[in-house]
Amino acid sequence: MAYLGTPGATREIINKYQFAFQKKYGQNFLVDANILEKIIEAAGITADDFVLEIGPGIGTMTQYLCESARRVVAVEVDKMLIPILKETLSEYDNVEILNQDILKVDIKSLAQEKNAGKPIKIVANLPYYITTPIIMELFESGVPIENITIMVQREVAERMRTGPGTKDYGALSLAVQYYAQAQIVMNVSAQCFMPRPNVDSAVIRLERYKEPRVRVNDEKQMFQIIRASFNQRRKTFVNGLKNAPELNFSKEQIVKALSQIGKDENIRGEKLTLEEFAALSNYLGH
């Protein structure tokens, strides 16, 4: 089986199976071998590694992963791609294909079963609409992760690295920065995909911290506070928290917490740093 990382090989397999791209799954297949090699390099994949791939498509990246890793599990939601994957990966005996929605997979159990609970590496080419839920789920579920190397829409990659006061700053920025060191490995032009998307992409590597960057007593509560403060960006931090059904702090409590960290009651969530969110959560939780 030839490598798929070219427009010709990709077109051939798509035509053979008369595969129809599904817009709902945000399907864009990478057709540039140089970029594929750089992603493997960025992920630092070795012969000892267990790799989870999210959204293998027709198996373009999966082939490279199988060559480099000890074991690969590829999770693909589109059942129409399963027969294609069985063909394109038929030469490899170190890969397993799961036809499931990644958000419904028990990744923790998978890591336990396939990698004795040791940290795993994750590689993915994620569609725009599902990037945030997947990243949040991977981090918040306590899955043992060494690093995540993902292809995402370029502006999403920027959002993961941005700080307070910018329009792109939000819950995703804070979650990524709490759990991991984020590094944009490279930008990828839209012309490297088939079909060609409307936007450029970027590969970003998230190296999981051994210990989170800030000390917080209740991680779950902190992220509830973060989400509440960004759910209605134009509202003040106080009103955002008061409108959140999962939180039951009084206005007085919230204002007092803000004053403890030297902030005015009219401040918006987008102006607060990760350290400040942690301090507010610790104060409100005691």
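Reader: At what angle do helix H2 and helix H3 pack, and how far apart are their axes?

Author: Two packed helices are described by the angle between their axes and the distance between the axes. In this predicted model, local features need pLDDT of at least 70 and side-chain atom pairs count only at pLDDT 80 or more, whereas totals for chains, interfaces and linings use all residues. Residues are numbered from 1 along each chain as its sequence is written, and side-chain values use heavy atoms, with hydrogens and water left out. Helices (H or I, at least four residues) and strands (E, at least two) are DSSP runs, numbered from the N terminus. Axes are lines fitted to C-alpha atoms, for helices over the stretch in contact, with angles from 0 to 180 degrees between N-to-C directions. Here H2 (residues 33–43) and H3 (residues 60–68) pack at about 45°, their axes 10 Å apart.

Reader: How is that angle classified?

Author: Angles under 35 degrees count as roughly parallel, over 145 as roughly antiparallel, 65 to 115 as roughly perpendicular and the rest as oblique. H2 and H3 are therefore oblique to each other.

Reader: Which residues of H2 and H3 meet?

Author: Contact means heavy atoms within 4.5 Å. Ala 33, Leu 36, Glu 37, Ile 39 and Ile 40 of H2 meet Thr 60, Met 61, Tyr 64, Leu 65 and Ser 68 of H3.

Reader: How does the pair H8 and H9 pack?

Author: The axes of H8 (residues 171–179) and H9 (residues 219–231) lie 9 Å apart, at an angle of about 155°. H8 is therefore roughly antiparallel to H9. From H8, Ala 171, Leu 174, Ala 175, Tyr 178 and Tyr 179 make the contact; from H9, the residues include Met 222, Phe 223 and Ile 226.

Reader: Which residues of helix H5 are buried?

Author: Buried means under 20% relative accessible area, exposed over 50%, partly exposed in between (1.4 Å probe, protein chains only). In H5 (residues 107–115), the buried residues are Ile 107, Leu 110, Ala 111, Lys 114 and Asn 115. They cover an arc of only 100° around the axis, which puts them on the same side of H5; the arc is that of the directions from the helix axis to the C-beta atoms. Their cover includes strands S2 (50–54), S3 (71–75), S4 (95–98) and S5 (120–125), and helix H6 (131–140).

Reader: Is Ile 148 buried or exposed?

Author: Ile 148, in strand S6 (residues 145–153), counts as buried because its relative accessibility is 0%.
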